[in-house]
Amino acid sequence: MVIQLDAEFEEQDEQQVLADFPADQELEITRVERLKKSNYRYLIHFGDYNMTVHEDVMIKYRMITGSTFVKADLEDIVAADERQRAYVEGLRYLERKPRTAQEMARRLREKEIGETVIAEVLLRLQEERLLDDPLYAKQWAEQRMKNQRKGKMWIRQELREKGIEKSLIAEALDEITPEQELESALQTGRKKWNTLRGDLNDKRRKTGAFLMRRGFSGEMVRQVLGILRDEQDSEGEEEEFYFPD
C-alpha cells in the first residue's frame, strides 16, 4: 500500500506543542501529574511550561521530577508520543474486528494523526501481524461466499472498497473453487426459485436477476438455472408417476 506523506503537517503540530518552550536553556521537570480523564497520559511540568505524554513514553525517556531536557530532546519526545498515541488508537480500532491497512489509515487520519506517523504505525502493526491484508482478503472471501452466499464479483468489489490490492484479491478469490461457488449459487438460487410463482420463464428471469445482483457471473447463473429447471422437470415426472390422472 502506498502512503502519501505530509511531513509539513507533522512539523507544524510539533511546533504548536512546544511553541512557548525556550530553545536556549535546560528545562527541569518540576512535577509529574497523571491526567484523571485520560488513561495512561501524564502532564509533565517544567516550571511555567508543560506538555502531556503517554505513560510508555514517559517511562522510556525517564521523565521524572528533577530530570532535565533541552527543547530538541522534547521535540523527539513529542514525535515518539505521537507514534505511541497512533499505535494505541490502532490497537483500539482492532478490538472489535480485523481491519485492512486502508481502513486503519483512514481511522488514524480521522484522529488527526500525521501521515508519516500513520505509515510507521501501519508498518509496526503489519510486522506484528495485527494488520494482514492477504489473510484478511482470504477470510473475507471465504466468509462472504459460505455464510452470505455472495458471488465472486460482489466479493471483489467489497475488497476493492476496503483498499485491498488487486493481486491479493485475485489470490483470495482463487482459493474459492468453481465447485464451491456453484454450490453457494445453487443454494441461493434454489431458495429464491422455490418462493416464486408463475411460469417457468418468469421464474428463470427473476431467479437469474437475483443471482446476478448477488455477484455471480452470467455463466454461473446459467448453470444454476439449468440445474433448477432440471430439478423442476424431475419433480413433475415423479408427481405424474405416483399420482396419475
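**Exercise 1. Identify the bridge partner of Y42 in β4, and describe the pairing of β3 with β4.**

Solution. Step 1: Y42 is bridged to V53 in β4. Step 2: strands β3 (residues 41-46) and β4 (residues 49-54) run antiparallel and are joined by six bridges; two strands pair if DSSP finds at least two bridges between them. Helices (H or I, at least four residues) and strands (E, at least two) are DSSP runs, numbered from the N terminus. Step 3: the hairpin of β3 and β4 has two residues between the strands, and G47 takes a positive phi near 65° there.

The model is predicted: local features need pLDDT of at least 70, side-chain atom pairs count only at pLDDT 80 or more, and totals for chains, interfaces and linings use all residues. Residues are numbered from 1 along each chain as its sequence is written, and side-chain values use heavy atoms, with hydrogens and water left out.

**Exercise 2. State how many salt bridges the structure holds, and characterise the one between E82 and R85.**

Solution. Step 1: the criterion is a side-chain nitrogen of Lys or Arg within 4 Å of a carboxyl oxygen of Asp or Glu. Step 2: the structure holds 16 salt bridges. Step 3: in the pair of E82 and R85, the closest N and O atoms are 3.3 Å apart. Step 4: both residues lie in helix α3, three residues apart, about one turn of the helix. Step 5: E82 counts as buried because its relative accessibility is 12%, whereas R85 is partly exposed at 31%; buried means under 20% relative accessible area, exposed over 50%, and partly exposed in between (1.4 Å probe, protein chains only).

**Exercise 3. Determine where the salt-bridge partners R144 and E158 lie, and whether each is buried or exposed.**

Solution. Step 1: the side chains of R144 and E158 meet in a salt bridge at 2.5 Å, N to O. Step 2: the pair links distant parts of the chain, with R144 in helix α6 (residues 133-146) and E158 in helix α7 (residues 152-161), 14 residues apart. Step 3: R144 is buried, with a relative accessible area of 14%. E158 is also buried, at 13%. Step 4: elsewhere, salt bridges that share partners join E89, R92 and R107 into one network.

**Exercise 4. Classify the exposure of R31 and of E33.**

Solution. Step 1: R31 forms a salt bridge with E33, the closest N and O atoms being 3.2 Å apart. Step 2: R31 is partly exposed because its relative accessibility is 44%. Step 3: E33 is partly exposed as well, with a relative accessible area of 31%.
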